[in-house]
Amino acid sequence: MNAYYGMTQYIIDANSINVYNVGIMADILGGFEQAVLLTLMKLGPNAYGRAIIKEAAVSLKRDVAAGAVYATLDRLENKGLISSSLTSGTPVRDGRARRYFKLTAAGIRALNESKTTLENLWRNAAWPVGGKA
Amino acid sequence: MTLHFSKRFGKKGCACDDRPPLWAESLLIGFLPPRGREAISGDLLEEYREERLPTLGRMRANFWYFRQVTSIVSLQRFQGGPMKGVLLCLCFFSLAALAWLGIMETVLHHPGFVFRIAVDLLLATQSLLTILFLILRGRSGMKIPVAIGGGWIVAFGISTIVSILRAAHFEGYILVIGFALILQGALTVFVAALSVDRPASPGHIDIG
């Protein structure tokens, strides 16, 4: 059921137990964004582009396109959820710098909120989802 | 941040055996915005040398490298890479040149000037469409019309150059405009072909 209060749209679930603010839900992290943030958390101080791509591929159990990872990192940094810094390069990179990423406080908060919201959404749903498409 | 020559091509300034193809690396560096140029190209080079080349062999490693370049270029193209600037400059050059040609045709009234003005207007419309496409970052389902228009501009540019080379009076400015149109059209097709259709708001989740 949809409900409006002022300019804000809310969704109230069938049992009127949970109320979701659509404005906040629209900011939920995408699945791939969550995967990248969790990868950063796992890698800690070693989170730079190549390591993130490899670790994300292991976590997601599939090949990950480098372009998708870099675009996601850019987007997350623009949102203020991660920060980055350049370090000096190594000979194998012809001296090109590495960019290391780390979660910001806002990033950690966003990850926690995303998990809570998704858990709330699924709380009263039967799993696996059945019925006719 | 500019990549120094020694960083791009090795200390001796040559393409060495453990390097990805020079053209692919140049394509990557050319398309990346300055901020990510050094780190991203370095990441790919590191992976290529340490992992892909020893395990896959040169041909498959080069194919892997090209696939990565394609994925990066297609997603980062609109984030300030120099190609966007080049295409925008070409579009504005075309608009200025077409406006000048249109004014000259209107003033001089040579035979067939109405048809030529109509062609000028079509070319100008396509240039404006490309500018809009770049500003909207590939949204609004403009991909196919922009790509078709780009192909038409390439064909028109080639026919212009051929006709001016066969003409009795050689006019250098037409040759310059023809080459600019070919480059603009080719870049437009390339940009449209690599663009990914995006929703109006990437963060939006449709729950209605």
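Which hand does the crossing of α3(A) and α4(A) have? It is right-handed, a crossing being left-handed if the near helix is turned anticlockwise from the far one by less than a right angle, and right-handed if clockwise. The model is a predicted one, in which local features need pLDDT of at least 70 and side-chain atom pairs count only at pLDDT 80 or more, while totals for chains, interfaces and linings use all residues. Residues are numbered from 1 along each chain as its sequence is written, with chains lettered from A and ligands numbered from 1 in the order in which they are written.

Chain A first. It has five helices and five strands, where helices (H or I, at least four residues) and strands (E, at least two) are DSSP runs numbered from the N terminus. Along the sequence these elements read β-β-β-α-α-α-α-β-β-α. Of the 133 residues in chain A, 27% are buried; that label takes 20 or more other C-beta atoms within 10 Å of a residue's own, against 12 or fewer for exposed and anything in between for partly exposed, with C-beta atoms placed from the backbone. Contacts are pairs of residues whose C-beta atoms, again placed from the backbone, lie within 7 Å. For chain A, 41% of the contacts between residues at least 6 apart in sequence join residues at least 24 apart.

Back to α3(A), which covers residues 49-60. Its twelve residues should span 16 Å at 1.5 Å a residue, and the end C-alpha atoms are 16 Å apart, so the two agree; the expected span is 1.5 Å times one less than the number of residues. Gly49(A), Arg50(A), Ile52(A), Ile53(A), Glu55(A) and Ala56(A) are the buried residues of this helix, and they pack against α2 (31-43), α4 (66-78) and β5 (98-103) of chain A, as well as α3 (34-56) of chain B.

The packing of α3(A) on α4(A) has an angle of about 115 degrees, with the axes 10 Å apart. Axes here are lines fitted to C-alpha atoms, for helices over the stretch in contact, and angles run from 0 to 180 degrees between N-to-C directions. The pair is therefore roughly perpendicular, given that angles under 35 degrees count as roughly parallel, over 145 as roughly antiparallel, 65 to 115 as roughly perpendicular and the rest as oblique. Gly49(A), Ile52(A), Ile53(A) and Ala56(A) of α3(A) meet Ala66(A), Val69(A) and Tyr70(A) of α4(A). Those residues split into six nonpolar, one polar and no charged (Ala, Val, Leu, Ile, Met, Phe, Trp, Tyr, Cys and Pro count as nonpolar, Asp, Glu, Lys and Arg as charged, and the others, Gly among them, as polar).

Chain B has eight helices and zero strands. Some 30% of its 208 residues count as buried, and residues 24 or more positions apart account for 69% of its contacts with a separation of 6 or more. Helix α7(B), residues 143-166, reaches 35 Å from first to last C-alpha, close to the expected 34 Å. Its buried residues include Val146(B), Gly149(B) and Ile153(B). Helix α6(B), residues 113-135, packs on α7(B) at about 135 degrees, with the axes 10 Å apart, which makes the pair oblique. This crossing is left-handed.

Finally, Ser71(B) sits in α4 (residues 58-76) of chain B. With 19 other C-beta atoms within 10 Å, Ser71(B) is partly exposed. Leaving out residues up to four places away in sequence, Ser71(B) touches Ala65(A), Ala66(A), Gly67(A) and Ala68(A).

Methods. Contact = placed C-beta atoms within 7 Å.
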